[in-house]
Structure formats: structure tokens, C-alpha cells
Amino acid sequence: MSPSFLNFAYGSNLSSRRLRARTPSATPLGSASLTGHRLAWHKVGRDGSAKCDIVETGAATDCVWGVVYRIDRAERHLLDQVEGLGQGYDYKEVEVMLGSQIVQTGAYVATHVDTRLLPFDWYLALVLDGAEEHDLPPAYCQALQLVRAKPDPDPARCDINRAHLRPRQAAVRLK
């Protein structure tokens, strides 16, 4: 068994700061695309807001961008725990295009969804920050900027999560 595993991050774990707070060994290998899927904002979070999900469509024109991370296998349980494996997310193997290579990796997919929910503004900020950090395609980043979000009624939770934003981004997003 390999001492590490690959994870395709497409939501708040796009942010290296966020993911390393959860799994310190996380090393980005590069941006990657997952075709035949679309990004959805409907996974029911434990805080009652929407989180990201990848939905299989089979359409070659649908694509989710993200980052492939290499993570020490000893930290897998930490990521499973914060992602809610078995309690809102399952883990499935997916093939992504990493540079010019097809890579087999894993990704969390939602099992509990509600299309009426909106993400909190700090969650959307983390997704945008990670997308910009890893230079995902400009059109993809622009589409993320159009996602509707709502303020978190819990200021302490908001502050804790905004602390993972890169310093320049945190100042911009608070305006």
C-alpha cells in the first residue's frame, strides 16, 4: 500500500491553507479537470449551509476544475472526519486530467443534498481563493464569482474560516 493517496479538491479544500490545516502533509500536484461532471452547491453542511459537490452528467461539455493533492495515508482519517465521510459525503474514484496525464484519484461526493440551500459567504470566499491560488481558468473563476451566497449568522465561525484565506484575499473579501 502506498504511503500516500491522491485527492481531487474542488470546494473549500482548493485552498492550500484550508487543506493543510486539516491534513498538514497535503501537497498540490497541480490543477486538474474532471469532465462529465458539473459543480453543484447543494451538499447539506453540518452548519445548515450549502457546500460544493460534483455531479456526474456524462456530458463531455461539463467540467469541474480542481486541484490534485498528495496526502499522507496516515492523515486520511482526518480528512474523512472533517468531510463527513458516511454522513453527507462518500468517496469515489475519478479520473482527472492533470496536465497532459489522466490520473486516477479520489473525490468526495455528496449523499445529502438540498437545492434550496446557499453557501455562506466565507465558504464561497475559500473556494474562490483556492481557485485563484492555483490559477484555475479565468472563465471558471468568473463563474464562481457569480454564485449566490449568504452571510453566516455566527460571526465566530465566519472569523475562524476566513482565517484560512490568503491575507490579500481576506481583506478583499471582507469589503
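This is a predicted model: local features need pLDDT of at least 70, side-chain atom pairs count only at pLDDT 80 or more; totals for chains, interfaces and linings use all residues.

Reply: Aspartate 135 sits in the loop that runs between α3 and α4, and with a relative accessibility of 64%, over the 50% cut-off, aspartate 135 counts as exposed. Its phi is near 55 degrees, which is a positive value in a residue other than glycine. Most residues other than glycine have a negative phi.

Two packed helices are described by the angle between their axes and the distance between the axes. For α3 and helix α4, residues 138-145, the angle is about 170 degrees and the axes are 10 Å apart; the two helices are therefore roughly antiparallel to each other, since angles over 145 degrees are counted in that way. On the α3 side, the residues that meet α4 are Leu124, Val127, Leu128, Ala131 and Glu132, and their partners in α4 are Cys141, Leu144 and Gln145. By class, this contact of α3 with α4 divides into 6 nonpolar residues, 1 polar and 1 charged.

Alanine 143 also belongs to helix α4, and at 44% relative accessibility alanine 143 counts as partly exposed. In sequence, alanine 143 is 15 residues from leucine 128, and their C-alpha atoms are 9.9 Å apart in space. Leucine 128 is itself one of the α3 residues that meet α4.

Helix α3 also packs with helix α5, residues 155-162, here at an angle of about 5 degrees and with the axes 9 Å apart. That makes α3 roughly parallel to α5, the angle being under 35 degrees. The contact is made by Asp121, Trp122, Ala125 and Leu126 on the α3 side, and by Arg157, Cys158, Asn161 and Arg162 on the α5 side. Its residues comprise 4 nonpolar, 1 polar and 3 charged, whereas the contact of α3 with α4 has 6 nonpolar, 1 polar and 1 charged.

Within α3 there is also tyrosine 123, which is buried, with a relative accessible area of 4%. Leaving aside its neighbours within four places in sequence, tyrosine 123 is in contact with Gly11, Ser12, Trp41, Ala50, Lys51 and Cys52. Leucine 6, by comparison, is 117 residues from tyrosine 123 in sequence and 23 Å from it in space, C-alpha to C-alpha.

Helix α3, spanning 121-133, supplies at least two residues of the lining, as do β1 (4-9), α1 (16-22), β4 (50-56) and α2 (76-83). The largest share, 3 residues, comes from β1, and the lining as a whole divides into 9 nonpolar, 5 polar and 8 charged residues.

Methods
Residues are numbered from 1 along each chain as its sequence is written. Side-chain values use heavy atoms; hydrogens and water are left out. Helices (H or I, at least four residues) and strands (E, at least two) are DSSP runs, numbered from the N terminus. Ala, Val, Leu, Ile, Met, Phe, Trp, Tyr, Cys and Pro count as nonpolar, Asp, Glu, Lys and Arg as charged, and the others, Gly among them, as polar. Axes are lines fitted to C-alpha atoms, for helices over the stretch in contact, and angles run from 0 to 180 degrees between N-to-C directions. Angles under 35 degrees count as roughly parallel, over 145 as roughly antiparallel, 65 to 115 as roughly perpendicular and the rest as oblique. Contact means heavy atoms within 4.5 Å. Buried means under 20% relative accessible area, exposed over 50%, partly exposed in between (1.4 Å probe, protein chains only).
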